[in-house]
Structures are given as C-alpha cells and as structure tokens.
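Please look over the model below before reading on. The briefing covers confidence, fold and packing.

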Amino acid sequence: MDLDSLSILLIWTAIAIYAGAFVAFAFDLAARSQAAGDAQTAAQKPALVGAAVGGGGAASAPAAPATAAPAAPRRRFVMARIGMALTVLGFLFHLTGTVLRGIAAERVPWANMYEFAMMGTLLIIAVFIAVNIWMDLRYLGTFILGLIVVLLGGAATSFYVEIVPLMDPLKSVWLIIHVFVASLSTAFFGLAFALSVLQLMQGRRERRLAAGEAKTGPGFLATLPVADRLESLAYRFVTVGFILWTFTLIAGSIWAQESWGRYWGFDVKETWTFIIWVVYAGYIHARATRGWRGARSAWLSIIGFAAVIFNFTIVNMFFKGLHAYSGL
C-alpha cells in the first residue's frame, strides 16, 4: 500500500470516527433536554404541594412558609465527553492522513478541491478543539461534527483525484500562506455560523417564554447560554475570521501580482472572495455602529458562511477562470 492509499484509508477512518462523535454529541443534546425537563419538574413541585395544602378550606392548617425550590441534580454530560474524545481521536487520524498526502505528493497538500477540503475541515476541527480548552462549547459538537462529516465525506467521495504535480502559478510560497490563512478564517466563520443558528433558536425560545407559551422549543436550549451570549461569541469569532480573511485578500493580491503581473483582475474567485469580505464587513459594521442585534445579525453571519461554502464548491466546480485549480 502506497502512502496516498494509506492517507485515503486514514481519512475514511477519521470520517467514521467523526460520525461517531456526531452521534455522541446528539445524545448529549438529548441528555440536556432530559436534564432541563427534570429541573422544570423539580421547580414545579413546591407550587403543587402548596396548592394541595392551601386547598383544604378553613379547617385546614395554615400553609407552611414558602421555601426555595430544591436545586435540580447536577448532570454530568458523559456523552459530551465521549463526543469530544472521539473528535480528538478523529482529528489525529485526519491530521496523519493529511500529512501522508503531503509526503506522497512531495508538496503542501492543498492543490485541488480534495486537498482543500481535507485541510479546511482539519482546521475547523483544530479550532473547535482549541476553543474548548478555553471555554466549554461542546454543545456545538452536533453542528460542527455534522458539517465536517458532510464536507469531508463529500470531498472524499466526489472530489478525490490522483496526485499530480503543481501547476506553475501554484509553485509559490504564497500558496502556503494564502490557502492556510483562508482555511483558518473559514474555521472561525464555521464556529460563528453554528453559534448563530443556536442564537436564532434560543431567541425564539426566549420570546415564547416571555409570551407565556407552553411549548418553547427543544429542551436542550434551556441548558445553553442566552441568545445575547451566543451572539456575543459569534461576533468574536467573526471578528477573528474577518481579520484573517482580510489578510487572505492581501496575500492573494500579492500572489496574483507574482503569478499574473496584476494585483486584481476581477476573476470569479477573486470577486467572490471580495463579496464574502463585504458581507462580513457589513455584519461587523452593522452590529457595532447600527445596533443590528438579534436575528438580523445572526442571519448576516449565516449568509456569510453560506457564501464561503458557495465559493468553495459552486465557484470552484462550475466557474472557469484563472483560479481553476479544482483538479476535477
């Protein structure tokens, strides 16, 4: 078995492990829903007991003074730990497979769609793991791992190509800088996307609670931060991603000058990279200066990430131009 075949085997192993992590995180959300339901039941018991005592009429004994509701038992979300452990294990297989692809190709492994997807999803997982060292965002696991399984599985199925030598414009140090920073930026945008989806769900739940509705949505939302907190986290990740995406534009322009003798030429890929920059710049500007909070800011974040995925898939596959490096 050659190194490239071993790399493919490791990538598929990583996909299988990521799928297992996705299932574990899904069970974690179910456990969170159960914990939220138990806490709500525990909070309602004192009121029911008080109503029963006070309903005995005049002959009944005076009701006992109200006491605080007993705290709900603290749940240890074991499945979240299992999901995180599987994510780290899958990352190690993913990283090894990526390194072996590079060794087999004798170059950096990001010269076509398959390799771009392999590297981009690797960095999304790396950022997810690193951020969880700083703060607990395991509740994003279902969204992040689901996205990774779809993207990496789709790439391994549809985008795989044999190793070929680099095209002349790619033989530059700016390939390493430009593609790595763009992939890292996408990782932060991906986390912001997941947080924005949860923000919309949490905001809807909070509005239903305020209106006194009985059904407020999935129970696990009660164990997550409030919508404003989710929005604040998404804003931070978008800000980091935007800074990196700005550098991506700058590095790409320098690379274009080196390869084609001009900094900007309105190539399809260049144009879409700029459109993504404008969307996220609009998101940051609107939230910081225009007071765009809540659902509007969340939808801008979601639209921005949709544009990133469109740029990576549809633009690379169906629009021809100077950046036609899909290898398909």
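A contact here means heavy atoms within 4.5 Å. On that basis, residues 24 or more positions apart account for 82% of the contacts in the chain with a separation of 6 or more. The model is predicted, with local features needing pLDDT of at least 70, side-chain atom pairs counted only at pLDDT 80 or more, and totals for chains, interfaces and linings using all residues. Residues are numbered from 1 along each chain as its sequence is written, and side-chain values use heavy atoms, with hydrogens and water left out.

**Confidence**
- The chain averages a pLDDT (the predictor's confidence in each residue, from 0 to 100) of 83, and 83% of the residues score at least 70.
- Mean confidence is highest in helix H2 (residues 78-105), at 95, and lowest in helix H1 (residues 3-54), at 78.
- Over residues 56-74 the pLDDT stays under 50, and the model has seven contacts beyond four places in sequence for them.

**Fold**
- The chain has eight helices and zero strands, where helices are DSSP runs of H or I with at least four residues and strands are E runs of at least two, numbered from the N terminus.
- Helix H6 (residues 227-260) has 34 residues and should span 50 Å at 1.5 Å a residue, which agrees with the 47 Å between its end C-alpha atoms; the expected span is 1.5 Å times one less than the number of residues.
- Just after H6, Gly-261 takes a positive phi of about 75 degrees.

**Burial and surface**
- Of the 328 residues of the chain, 45% count as buried, meaning under 20% relative accessible area with a 1.4 Å probe, protein chains only.
- The accessible surface of the chain, from the Shrake-Rupley method with a 1.4 Å probe, comes to about 16,100 Å², of which 69% belongs to carbon and sulfur atoms.

Key: Buried means under 20% relative accessible area, exposed over 50%, partly exposed in between (1.4 Å probe, protein chains only).
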